[in-house]
Amino acid sequence: MEEKNYITPTGHERIKTELLQLLDVERPEIVKVVHWAASNGDRSENGDYIYGKKRLREIDRRIRFLNQRLEFAVVVDNAARKSGEADAEQIFFGATVTYAALEGKDAGKETRITIVGVDEVDLEKGYVSWVSPIAKALIKAKLGDCVKIQTPTGPSEIEILEVQYL
């Protein structure tokens, strides 16, 4: 059995949108091109046909992948934490965390990350996977806690300054 694919509602919607785009727009367009190119006769040296078939295989592979990701998707909605019904100071999947290093060359420097699913990782936006070392160290910690993490330069300690569920 496949492992559960935890994902935020936004990430789930993005994957569904991409899947529908491939199924409803891109694949039908490529099928038309391949059909037209095949009707031209000799397929062995027909660039439109060869490229179209290759692109069709790529699209089908991506569709299978997205379907599989959605099949095992577990959408984690933090509505209770956003509304204040649940503990919004403890870090769980979907939290946006601001922390500062307590030692080393980055001491005092604030960093902001959001813990998301593996399909949503975007380091430039600060989205880190829930299976990443930093996320694993932060999960279940609370606002104000000091947490030890392993960095490429060795162990480091960070302080959690802010926890939000956006």
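Is Arg69 buried or exposed in this predicted model? With a relative accessible area of 14%, Arg69 is buried, and the close-up views described below begin with the salt bridge in which Arg69 takes part.

**View 1. Asp119 and Arg69 meet through their side chains in a salt bridge.** The N to O distance of this contact is 3.0 Å. Asp119 belongs to the loop between strand 4 (110-116) and strand 5 (127-129), while Arg69 belongs to helix 2, so the pair ties together parts of the chain that are 50 residues apart in sequence. Asp119 has a relative accessible area of 22% and is partly exposed, whereas Arg69, at 14%, is buried.

**View 2. A salt bridge joins the side chains of Arg62 and Glu18.** Here the N to O distance is 2.8 Å. Because Arg62 lies in helix 2 (residues 47-71) and Glu18 in helix 1 (residues 9-38), this pair ties together parts that are 44 residues apart in sequence. Arg62 counts as partly exposed, with a relative accessibility of 32%, and Glu18 likewise counts as partly exposed, with a relative accessibility of 25%.

**View 3. The side chains of Glu162 and Arg112 form a salt bridge.** The N to O distance in this pair is 3.8 Å, which falls within the 4 Å that defines such a contact.

View 4. For the structure as a whole, a search finds 7 salt bridges.

**View 5. Helix 1 and helix 2 cross with their axes coming within 9 Å of each other.** The crossing angle is roughly 155°, and this makes helix 1 roughly antiparallel to helix 2. The crossing in which helix 1 passes helix 2 is left-handed. When the residues of the contact between these two helices are divided by type, 17 are nonpolar, 3 are polar and 9 are charged.

**View 6. An open sheet is formed by 5 strands, which follow the order 5-4-3-7-6.** The pairing within this sheet is mixed. Strand 5 and strand 6 (146-151) are the edge strands, each of them pairing on one side only. On average, and with direction ignored, neighbouring strands of the sheet are turned by 45° against each other.

**View 7. Strand 6 and strand 7 run antiparallel and are joined by 6 bridges.** Ile149 stands opposite Ser156, a residue of strand 7. Strand 7 also contains Ile158, which counts as buried, with a relative accessibility of 1%.

**View 8. Ile158 and Pro28 are shown together as a pair of positions that are 130 residues apart along the chain.** Their C-alpha atoms are separated by 51 Å.

Note on methods. Residues are numbered from 1 along each chain as its sequence is written. This is a predicted model: local features need pLDDT of at least 70, side-chain atom pairs count only at pLDDT 80 or more; totals for chains, interfaces and linings use all residues. Side-chain values use heavy atoms; hydrogens and water are left out. Helices (H or I, at least four residues) and strands (E, at least two) are DSSP runs, numbered from the N terminus. Buried means under 20% relative accessible area, exposed over 50%, partly exposed in between (1.4 Å probe, protein chains only). Axes are lines fitted to C-alpha atoms, for helices over the stretch in contact, and angles run from 0 to 180 degrees between N-to-C directions. Angles under 35 degrees count as roughly parallel, over 145 as roughly antiparallel, 65 to 115 as roughly perpendicular and the rest as oblique. A crossing is left-handed if the near helix is turned anticlockwise from the far one by less than a right angle, and right-handed if clockwise. Ala, Val, Leu, Ile, Met, Phe, Trp, Tyr, Cys and Pro count as nonpolar, Asp, Glu, Lys and Arg as charged, and the others, Gly among them, as polar. Two strands pair if DSSP finds at least two bridges between them.
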